[in-house]
Amino acid sequence: MKGTLQKVETEEDVQRLAPHNAEAERQLLGAILVNNETFYRVSDFLEPHHFFVPSHQDIYEKASHLIRAGKTASPVTLKTFYPADAKIADLTATQFLVRLAGDAASIINAEDYGRSIYDLAIRRNLIRIGEDMVNIAFDAPIDVPPEQQIDDAERRLFELAETGRSEGGFVSFGDALTETIEMAHAAYNREGALSGISTGLRELDRLMGGLQHSDLIVLAGRPAMGKTSLATNIAYNIAQSYKAEEQPDGSLKTINGGVVGFFSLEMSAEQLATRIISEQAEISSSKIRRGDITEAEFEKLAACAQTMQTVPLHVDQTGGISIASLVAKARRLKRQRGLDLLVVDYIQLLSGSAKNSGNRVQEITEITTGLKALAKELQVPIIALSQLSRQVESRDDKRPMMSDLRESGSIEQDADVILFVFREEYYLSKTEPEPDTVEYENWQRDMERLKGKAEVIIAKQRHGPTGTANLHFEGQYTRFSDLAEEDHLPERYE
């Protein structure tokens, strides 16, 4: 049986070479040596290691250094970088460089030749990854479980798929300005005129400008404040608003809303769906779970469910996953279905690598650093929920502060935005005084004023002001929405 797992190597396999085109490499190098302007047609994407022939790699690298230094790269100038007796393909260095110039391609075709060389290099990398996967699977170290091998293979494949991502360098200020103008144009055309993705909540969008690409947004609160409800509401609002247009290459470009990935580490997918359908159908989730609904309400649920079927909201309900596993799954979702927003509920339920197990502070640091790196890599905002420490409860003013974040050092440092959900109504309801007293009348008046009101406190924001967004909260439907203008609480700004 063991023999069936082994591939018999034929003479054809031994002689098989990795895909390459030495002639295209020679003609492109010749074109560069004849006319140095050719270099700038390929330099944005073509690096020395993309060439298959080692001597071609060396020549391209030397020519690159000369041209970028403002000097001329030609057979005459390049030969000085080789020893007098140096041989390249049985020719002297001078003879080989002169022959390259004689094989020069037209400058018009240079970019096509460069793309061909680049594509062949990608194919060779695919072969290398495949070979590594096979070799490691056959002879895996004891301390490398299969899950880690899968994560590593997916990481390498994703880096390969993201053209130019792993090879990015400095961007000119002019290019950065162009991107800024394009962002402003997109904001002008987008519903709500926002630079980021609209949360569906007007007050929050006004302060944040929407959810910005590459941002790590930490959403924190004490139990019963509604942080999961707020994250769920935002996720569904964005998925429901999703619109895309097809590009010339067949890919889809998001023009409004977005595709959402939701890592629900605490709740099951069914519980999450119950929350969302309760919000949309305006039927209490507790009534849905008990089956205590009328026929009309059931029909309303069915109609909502039918509408929600096509919403691009993807839920992963795996509990206790590692940050490495989450990263691999997010990459896979981005590659297979697209991704515009990622939600993680919540940070403290993730685990780090084995090397940091037992040290929770280092583990949380690894997790938040990993989430921020993932947001930049995938170019999507990530909303990560977080618990708050109990010290909030010991203060008279229960509004959270950044120091209340559990293992707060790395969370404060890595987060681009920190939001706190606070409902004063919840705390006030627990201090009901004796009836028929002046205190009771004052308490009733305060309860009426605060009923259904919630604050989302923006404690940190790299791109904008801190402040408070006042929202309406309906507990029975676990729904956040905009307040009517006359119901707004006093604003707090810094």
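## Salt bridges and ring contacts in a predicted model

The side chains of Asp-416 and Arg-462 come together in a salt bridge, with 2.7 Å from N to O. Please keep in mind as you read that the model is predicted.

Asp-416 has another partner, too: it forms a salt bridge with Lys-372, where the closest N and O atoms are 2.6 Å apart. Here the loop between helix 17 (408–414) and strand 10 (417–422) is linked to helix 16 (residues 360–378), and the two residues are 44 residues apart. Through shared partners, Lys-372, Asp-416 and Arg-462 join into one network.

The whole structure holds eleven salt bridges. Among them is the one between Asp-482 and Arg-202, at 3.6 Å from N to O. Because Asp-482 lies in strand 13 (residues 479–482) and Arg-202 in helix 10 (residues 202–208), this pair ties together parts that are 280 residues apart in sequence. Asp-482 counts as partly exposed, with 25% relative accessibility, and Arg-202 is partly exposed as well, with 41%.

Now to the rings. A search of the whole structure finds seven aromatic pairs. One of them, Phe-45 with Tyr-118, is edge-to-face. It links the loop between helix 3 (39–42) and helix 4 (54–68), where Phe-45 sits, to helix 7 (residues 110–138), which holds Tyr-118; the two are 73 residues apart. Phe-45 is buried at 10% relative accessible area, and Tyr-118 counts as buried at 6%. The planes of Phe-473 and Phe-480 are at 45°, so that pair is tilted. Phe-473 counts as buried at 11% relative accessibility, and so does Phe-480 at 3%.

Here are the two pairs with their geometry:

| Ring pair | Centre to centre | Angle between planes |
|---|---|---|
| Phe-45 and Tyr-118 | 6.1 Å | 90° |
| Phe-473 and Phe-480 | 4.7 Å | 45° |

Elsewhere, ring pairs link Phe-39, Phe-51 and Tyr-60 into a cluster. Rings also meet charges: the charged end of Lys-62 sits over the ring of Tyr-82, 5.0 Å from its centre, and the charged end of Lys-398 sits over the ring of Tyr-427, 5.8 Å from its centre.

How values were computed
Residues are numbered from 1 along each chain as its sequence is written. This is a predicted model: local features need pLDDT of at least 70, side-chain atom pairs count only at pLDDT 80 or more; totals for chains, interfaces and linings use all residues. Side-chain values use heavy atoms; hydrogens and water are left out. A salt bridge is a side-chain nitrogen of Lys or Arg within 4 Å of a carboxyl oxygen of Asp or Glu. Helices (H or I, at least four residues) and strands (E, at least two) are DSSP runs, numbered from the N terminus. Buried means under 20% relative accessible area, exposed over 50%, partly exposed in between (1.4 Å probe, protein chains only). Rings of Phe, Tyr and Trp (its six-membered ring) pair if their centres lie within 6.5 Å; planes under 30 degrees apart count as stacked, over 60 as edge-to-face and the rest as tilted. A charge sits over a ring if NZ of Lys or CZ of Arg is within 6 Å of the ring centre and within 35 degrees of the ring normal.
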